[in-house]
Every structure is written in C-alpha cells, then in structure tokens.
Amino acid sequence: MTADEKYMLRAIDLARRGEGLTRPNPPVGAVLVRDDEILAEGWHRKAGEDHAERDCLKSAGGDLKSATLYVTLEPCSTHGRTPPCTDLILEKGVGRVVVSVKDLNPKHAGRGLELLRDAGVAVVFGVCEAEGRELIAPFEKFITTGMPFVTLKLASTLDGKIADRKGDSKWITGDAARERVQEMRRRADAIMVGAGTVRADDPSLLPRPAEGRKPWRVVMGDNVPRTCKLLTDEASEQTLFYNGNLAAALRDLAENHDVMHVLCEGGGTLAGRLVEEGLVDEFAFFVAPKLMGADGLPNFAKTGGLMADVTNLIFTSVEQLGEDVLMKAKPS
C-alpha cells in the first residue's frame with residue numbers, strides 16, 4: 001500500500017462519520033499530511049456546516065507548500081452555503097492535493113481540479129477510486145438521476161423465510177447482525193417498510209443509538225394502527241406514507257425530502273415489488289443458519305417465476321457476523 005492510499009483510506013474512514021447527516025451533500029473526508037505526519041483531519045459533519053477541507057484546514061497554519069491534502073471528493077469551486085474550498089486551499093498554500101473521486105455534478109465536474117492545477121498546485125486524481133465511489137454511491141445516483149440509491153435488506157433463514165407462518169420474526173438473526181442493521185440505519189436518509197410490516201411488528205425504524213441521525217420513516221401502503229410507534233413516538237413528524245407507484249414515491253423522496261439513500265427493510269411483498277420494478281441498487285441478505293419450513297413467509301412474495309425470468313445478481317461481499325452471514329450483492 002502506498003502512502004497516498006494509506007492516507008486516502010483514512011480520509012474515507014473519516015467521511016463515513018458523516019453518513020446519514022449530510023443530505024443533500026455527500027459524505028466527504030480530508031487529511032492534511034506533511035513528512036508522513038498527519039497535521040489535521042476533518043470531515044463534512046452536517047449539511048450547512050464546514051465542508052471536509054475547511055474542517056481540516058481551519059486549524060492548520062505555517063508553511064504548507066510541502067504538505068499534501070487528501071480529500072475523498074474533488075474540492076468545490078463554487079459558492080453554496082459555504083465558500084469554495086478551492087479558495088481556502090490556495091489561501092493556505094497547500095502544495096499538493098490528492099483526490100479520490102471527481103465531483104459528479106455535471107456543472108462542477110473537474111473544475112475544482114483545473115483551478116488548483118492552474119494555480120500551481122500539484123494534483124493527483126483517482127487514488128482509491130473504487131472505495132471513493134462506493135462511499136458516494138447514493139450521492140451519485142441522486143445527483144445524476146434524481147432518484148435515491150436503494151438498499152434492500154432482508155433477514156432470513158437459510159431456506160429464505162423472513163417469519164414463521166404466524167408472522168413472528170423475532171429473532172431470526174443474532175445480536176451481531178442486528179447491530180449491523182443499526183449501523184445501516186445510521187447511514188441511510190430514509191428507512192422504508194410496507195404497511196404489512198407495520199401491522200405485524202410495530203417497528204420504530206429509528207437507529208439505536210441515533211447518534212444525531214433523523215432518517216425519514218417511509219411506509220408503502222396504509223391501514224396501519226393509529227397507535228403504532230411511527231405515528232405516536234418522538235419522531236412521528238419524520239414519518240411519510242405513500243400509496244401506489246413505487247418509483248414515483250422514491251422520486252418524491254429525492255426531490256422533496258433530499259433523500260439520497262433509502263434502506264428498505266421489507267416485508268416480502270414490498271421486496272418483491274422493488275425487485276420486479278428494477279429499483280434495487282444493493283441487496284443486503286442477513287442469513288441465519290436456521291430452517292423454517294415451507295409454510296414460513298418468503299423473503300420475496302412473488303410467484304410464477306420461470307428460469308428465463310430470474311433476477312441475476314453479483315455477490316460483492318460475504319461477511320460472518322456471529323453465527324449469521326451477511327451477503328451483499330448488486331444487480332448484474
């Protein structure tokens with residue numbers, strides 16, 4: 001691993017601290033290094049607050065001509081809620097800037113790098129690009145298509161059941177898997193379930209602990225009890241209901257609520273609809289080493305499928321979580 005890769009991966013780790021807090025901005029991290037020593041670190045903590053570069057550089061002083069600034073996303077070059085980060089980089093006299101991913105906004109893409117180069121700053125682009133693109137995948141979908149990135153999470157037995165024949169699903173997976181789900185909730189801008197899941201489980205859908213996150217809670221369908229947690233708890237104003245067209249609901253979440261990343265937690269009917277309509281960007285299958293039997297509720301409530309019509313996926317990672325396994329996949 002090169003020094004550039006080491007410090008860029010550190011910047012990516014810092015950026016992840018802002019996931020779920022920055023909408024409609026992407027999470028970004030920055031590290032300032034000189035002579036193999038970290039001088040300062042920063043990340044975009046919340047929309048409206050300092051960008052990662054400013055958070056990192058605001059406390060840095062002295063001659064920075066021999067220093068390198070590692071930043072996960074191309075520094076902004078236009079005025080928004082905050083001044084351009086390129087201005088601050090030049091003002092501080094940073095001699096070298098290493099970037100993982102270019103700004104994906106067509107209005108800005110490449111402009112910040114060009115401004116820095118024209119001013120005599122040494123610019124390196126594309127370090128840890130795969131990891132950088134994964135970090136901002138929700139932002140990329142949001143900014144280029146106007147739709148949120150959708151992660152479909154399902155916890156099932158080894159034979160693909162998400163609940164028993166009476167609808168009881170507590171608990172299919174163990175503590176480690178459920179803790180990972182809380183991490184996923186903190187990374188998302190909205191948590192989506194079907195109305196049937198609300199009626200069966202009365203979930204709160206809040207990340208525990210929240211750590212400052214306030215994701216939207218989205219219910220597809222209606223006819224839920226007025227006493228359910230989503231309508232009566234401290235976050236009731238963060239609950240949205242939609243009926244009908246799934247794609248239209250997702251687009252509304254992006255356009256009117258700045259939602260970049262939706263985490264859908266089922267149930268089987270909603271999961272089946274998302275798959276059939278091609279709306280899933282990432283699958284997260286939490287699989288327990290248990291067998292439920294044929295009368296358990298399936299993870300995808302759809303029938304009549306033929307081999308010619310199967311949905312093909314590509315596994316991207318497999319991870320052991322206690323006794324369970326987390327398998328991530330994406331459409332092929």
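1. In this predicted model, helix H7 makes the greatest contribution to the lining of the largest pocket, supplying seven residues. The volume of that pocket is about 1000 Å³. Its lining comprises 44 residues, and those nearest the centre are Lys153, Ser169, Thr197, Asp201 and Glu265. Besides H7 (175–187), two or more lining residues come from each of strand E6 (149–157), strand E7 (161–163), strand E8 (190–194), helix H8 (195–201), helix H11 and strand E13 (297–298). Sorted by class, the lining holds 18 nonpolar, 15 polar and 11 charged residues.

2. At least two lining residues are supplied by each of helix H5 (129–135), helix H6 (137–145), E6, H7, strand E11 (261–264), strand E14 (313–321) and strand E15 (324–331). The lining of the second largest pocket consists of 13 nonpolar, six polar and 13 charged residues.

3. Is Glu19 buried or exposed? Its relative accessibility is 8%, and Glu19 is therefore classed as buried, the limit for that class being under 20%. Glu19 belongs to the loop that runs between helix H1 (3–15) and strand E1 (29–34). Its side chain forms a polar contact of 2.8 Å with the side chain of Arg16. When residues up to four places away in sequence are set aside, Glu19 touches Pro27, Leu135, Arg186, Arg187 and Arg213.

4. The largest nonpolar core contains 31 residues, and the members that touch the most others are Leu32, Leu57, Leu69, Ile89, Val94, Val97 and Ile136. Elements giving at least two residues to this core are E1, helix H2 (52–57), strand E3 (68–73), helix H3 (85–92), strand E4 (96–101), helix H4 (111–118) and H6. Which residues does Ile89 contact, leaving aside neighbours within four places in sequence? They are Leu57, Leu69, Pro75, Val94, Val97 and Leu116. A separate core of 29 residues lies apart from the largest one and includes Val150, Leu152, Leu240 and Ala329.

5. Helix H11 spans residues 268–276, and its buried residues are Gly268, Leu270, Ala271, Gly272, Leu274 and Val275. In general, an α-helix has 3.6 residues a turn, so residues three or four places apart point the same way. Just after H11, Gly278 adopts a positive phi of about 65°. H11 also gives two or more residues to the lining of the largest pocket.

Technical notes
Residues numbered from 1 in each chain as written. Predicted model: local features only at pLDDT ≥ 70, side-chain atom pairs only at ≥ 80, totals over all residues. Heavy atoms only, no water. Helix = DSSP H or I, 4+ residues; strand = E, 2+ residues; numbered from the N terminus. Buried < 20%, exposed > 50% of the residue type's maximum accessible area, 1.4 Å probe, protein only. Polar contact = N/O pair within 3.5 Å; in protein donor to acceptor, adjacent residues only side chain to side chain. Contact = heavy atoms within 4.5 Å. 1 Å grid on protein atoms, 1.4 Å probe; cavity = no way out; pocket = protein on both sides within 12 Å on 5 of 7 lines; lining within 4 Å. Points joined across faces, edges and corners; volume = space filled by probe spheres on them. Nonpolar A, V, L, I, M, F, W, Y, C, P; charged D, E, K, R; others polar. Core = buried A, V, L, I, M, F, W, Y, C linked by side-chain atoms within 4.5 Å.
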